[in-house]
Amino acid sequence: MIEILQNVLIPFLDLKLLSLVALGTFSGIYIGAIPGLSVTMAVSILISFTFSWDVYPAISLMIGIYMGGVYGGSRTAILLNIPGAPSAIATALDGFPMAQRGEAGEAIGITTVMSFFGGLIGITVLALAAPSVSAFAIKFQPRDYMLLAVLGILLVGSLSGDSLVKGIFAGAMGLMIGSIGLDPLTMDQRFTFGSTAMMGGISFIAVMIGMFGVSEALIQLHSMKTPGVKQVINRIVPSFGTIRKYLPLSLQSSAIGVIIGALPGTGGDIAALMAYDHARRVTKDPEVPFGQGAREGLVAPETANNAAVGGAFIPMMTLGIPGDSVTAIMIGALFIHGLHPGPMLMVEQPHMFWFIVGCLMLANIFMLIFGLTGIKLFVKVVEMPRTVLIPLILLLSIVGAYAVNNSLTDVYWMLGFGVLGYFMRLYGFSLGPVILGVILSRLLDDNWRRAIISDQESLPRLLHGIVTSPLSLTLFLAVIVIFLSKTPLWSMLMRKKTS
Amino acid sequence: MQSNTPRRPGELGFNLFIIAASLFLLYHAYGIAGFDALSSAGAVPMVTTGLMTLCGVIILRQNLRKPGKTAETISRDILPLPVIVTIAAITAYAVLLKPLGFVPTSFLFLLGLIKLFSARSWGFSISAAAGSVALIYIIFRLVFSVLMPAGIVPEGEILAAIGHLFGAAK
Amino acid sequence: MIRKLLGATLALGLTTLPALAEYPEKEIQGIIQWGAGGSTDTVMRAVTPHAEKALGGSIVMQNVTGGVGAIALNQVVNGDADGYQILFGAENPLLYKVMGLGDKDYNDFTPINVLARGVPILVARPDAPFNTYPEMIAYINAHPRDVKFGSTGPGGLPSVVTAMINQKTPIDVTFVPYDGDGPALTALQGGAIDVMPAVLGAAIEGIKGGTMKTIALFDVEASEALPEAPTIVSTNPEFGALLPWGPFFGVFVKKGTPDDVVAKLTAAYGEGAKADDFKALMDGRGFKMMNISGAEAQAFLAKWQSTTAWLVQDAGLTKASPADFGIPKP
């Protein structure tokens, strides 16, 4: 026990490690906030950069960036309606309307505190229950992932705004965009029209930056003469009452975050969207409707995506299996530093596990500190004259889209999706479902095929498999209940009951 | 549901465009593997593009029920001049990036748009554009080593020369 | 005034230029064919800092993924042959032509170094009802289509190993496709698949930790990293003719790059691959160090292409015959 505590406290007591975690968290917030710079990219650059370092300093820096980056995505989502990272997409839905009302400071405050809370829960689960959670996560079969993806697709109902048909169209379009390129399972070319550049598919980030960044900028061009929104900042740190009010929701969202984060193959982006949907379902009457600046719409995704960080470390530390793309790179980094991440790591080198837990805790604390300071400066961005802000957003979007893969093709895609998104918004389509579709496309498609192949192409066998496995059955029933709850039939039934 | 709001200008055209695009993609999805197997690479794409076509048609039906008269016009509410200019500017940026290089292209892009939109003085526009480009260059090129096309500015060599100077000073 | 300044800059430029003209006079762009965290990525990021030291220049590494690496390969082949773009690749491009993924492969490149080779290994979930290769074949024959093999699309290591197996004893199993051996091995530990042909490096920690078990090592000699794993030739010597075979990692520049640049890079990577910690990393992950360059590397690539292309051709996995591209039969 003493030994565990000693290892957890290493980063807290060593000044060099402490400042590295601080530095990492600080830069992570900015990396996360800038669309096109991703944590994955930053951490892989760090592998070469920290090559000659000891393993402790290298890991502390990476963890700082990871924690800060997941949180940082919310900044641009709230202030500019451009999610800095996929995991902040849900945050934009209610965060941006708040900023438009002059409540950016409050939105950032809630986001920060909730991210901290979610991070804390994730780390706690990692520290106390890693082996059992990973034993559970590894049991997910292709059919379970498929059901999980279907569950995600049902979010279209919450994201589609006024017109469900248009939402379904947008969702289907997203799924289709996600399947473009060389199919990694069969090497068949899908929608590539014979072009090599299309074989890699369309960069998801280019679609996201185009759909959110460019289309948002184009829409704002309509009202260029309106001055920036004056921000009132009187309260940044939410009151204790506010925190207590959202405690049940944030606990539930954290649970969603940890589980989805721990599943190999799903990460913070899906967790945040699922938590958002969950919030819409369980919140009976929000003070402000969802999509117009509901605080619940910030609380849920932000706790979930930071809880997913701890979750992602669970399979990595216990089995050497990455929980997401960042932990995949960290596994590589551990190898380079002479460690052997795998089932034996916890047995042979438990100190590494506890050191990582310590770093995560420290990074979480720094995230809270850095997140709550300098907000006044940050919100100035929204107060900038639009005539300067819009060109700047556009340039940043272009550079961001280019930087993902150093490719001009991505810039054209970004522009194309920006213009398409612009028209879609003008004609009453909401864009959330498109991004949802792109995120879930591979999860759904790949696992559907694996599931049906495993059952010898027979639907009855697949169904039999689903009803005989408790896990699959639970997911299946969840799909059915949530689906029904979104149909008119259900609301009719509910109305009858209450009347 | 929303049938009492009038159709926006161009809405019908956009609607027909998405139906045509969906049909084209559906045809292409069928071409991936035909009706080979439930597990084929073309199965899910066929479902998604089929769904897109179906939704497109339903949306068309809703649209046709809406009153066609509206006070909105294409040139004011759908494609006002600034939007067209901006789309053209981004296209020009992408075309010029390789031959001209990152720094000059970005500077011209920002300068043009800021000057056009804000109608402020040249001094203001130039300093805003230059400052922003410098900031982006530092973050992306220097800190994150994203190699932007150099174009006419031999920045790689300049950076190396600066590096040499400092190296020599050590 | 301006003229004077211009003159001064020009003069400065002229005097500094000759000193800089020696390669590398600016940052070199290193394009990694596979995503961050993959084995190509790890290997390249581990060796490059050593090579940079030997080269006296800096190499900016960047992952360009997609199209089984074809996008990265095309990016480098479409660039200038000046040594400022290096391709860090794996074995896949040698099969692009027969797989219909493009008309460029390593024949359009000059190999700087073929660093190491991976060893294929057949692993199973720990509770699978067989322990050795002959037992597995017997079980498959007794239960057709029951056993689930992981696969990663035609042309990948699993498909080649499966082609080898099929060439000797045709097997009737269900292939469940994954997008890499990492995700497939994860599925193996969760029981979604029963058997997976993988590269030793990806499976070694799982085997040591007991989350999967070895069926056979596809090599002619035992591995130092995992000495207890039985080789396939110890039970089925007929595989000897096809082995050793394995995926590899290499550093390449576009063909036509000046000889002195190739020589410098070759020396740098040759030196880098000798670094102790790099060798330790490779041994620990079960890769066999090769560190070959020049004609030796060319010959290795040609032989690899001929063996593998014809193997997958005979298994019926190709879109075009190797003969169409002048790839000789082994």
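## Domains, contacts and charged pairs

Guide: The C-alpha centres of domain 1 and domain 2 of chain B lie 39 Å apart. This is a predicted model, and the two domains cover residues 11-77 and 80-169 of chain B.

Chain B also meets chain A. The contact involves 68 residues of chain B and 63 residues of chain A. About 5,600 Å² is buried between chain B and chain A, and carbon and sulfur atoms give 81% of that area. On the chain B side, Phe14(B), Leu38(B) and Phe144(B) supply 12% of the area buried against chain A, more than any other three residues.

Charge pairing between these two chains comes to one salt bridge. The partners are Lys166(A) and Glu11(B), whose side chains meet at 3.7 Å, N to O. This distance qualifies because a salt bridge needs the nitrogen within 4 Å of the carboxyl oxygen. Polar contacts between chain B and chain A come to eight residue pairs, both residues being at pLDDT 80 or more.

Several helices of chain B take part. Helix 1 (11-33), helix 2 (43-65), helix 3 (74-78), helix 4 (81-100), helix 5 (102-118) and helix 6 (122-143) each supply at least two residues of the side of chain B that touches chain A. Helix 2 of chain B gives the largest share of that side, 12 residues. Sorted by class, the side of chain B that touches chain A has 47 nonpolar, 15 polar and six charged residues.

Now to the boundary inside chain A. Chain A is divided into domain 1 (2-454) and domain 2 (455-499), and their C-alpha centres lie 29 Å apart. Here 20 residues of domain 1 of chain A are in contact with 18 residues of domain 2 of chain A. The area buried between these domains is about 1,600 Å², with 71% given by carbon and sulfur atoms. Arg143(A), Leu147(A) and Ile452(A) supply 35% of the area that domain 1 of chain A buries against domain 2 of chain A, more than any other three residues.

Across this domain interface of chain A there are zero salt bridges, while nine residue pairs are in polar contact, both residues at pLDDT 80 or more. The side of domain 1 of chain A that touches domain 2 of chain A draws at least two residues each from helix 7 (142-153), helix 8 (156-159), helix 14 and helix 22 of chain A. Helix 7 of chain A provides the largest share of that side, seven residues. By class, that side of domain 1 of chain A has 13 nonpolar, three polar and four charged residues.

Arg281(A) forms a salt bridge with Asp277(A), with the closest N and O atoms 2.8 Å apart. Both residues belong to helix 14 (residues 268-282) of chain A and are four residues apart, so about one helical turn separates them. Arg281(A) is partly exposed at 35% relative accessible area, whereas Asp277(A) is buried at 2%.

Asp446(A) and Arg442(A) are four residues apart in helix 22 (residues 432-454) of chain A, so about one helical turn lies between them. Asp446(A) is buried, with a relative accessible area of 4%, and Arg442(A) is partly exposed at 32%. Asp446(A) and Arg442(A) belong to a network of salt bridges that also links Asp183(A), Arg190(A), Asp445(A), Arg449(A) and Arg450(A).

The side chains of Asp219(C) and Arg117(C) meet in a salt bridge at 3.6 Å, N to O. Asp219(C) lies in the loop between strand 9 (213-217) and helix 9 (232-235) of chain C, and Arg117(C) lies in strand 4 (residues 109-117) of chain C, so the pair ties together parts that are 102 residues apart in sequence. Asp219(C) counts as buried at 1% relative accessibility. Arg117(C) is buried as well, with a relative accessible area of 11%; it falls in that class because buried means under 20%.

Over all chains, the structure holds 22 salt bridges.

Key: Residues numbered from 1 in each chain as written. Chains lettered and ligands numbered in written order. Predicted model: local features only at pLDDT ≥ 70, side-chain atom pairs only at ≥ 80, totals over all residues. Heavy atoms only, no water. Contact = heavy atoms within 4.5 Å. Buried area = accessible area lost by both parts, 1.4 Å probe. Polar contact = N/O pair within 3.5 Å; in protein donor to acceptor, adjacent residues only side chain to side chain. Nonpolar A, V, L, I, M, F, W, Y, C, P; charged D, E, K, R; others polar. Domains from an automatic or database assignment. Buried < 20%, exposed > 50% of the residue type's maximum accessible area, 1.4 Å probe, protein only.
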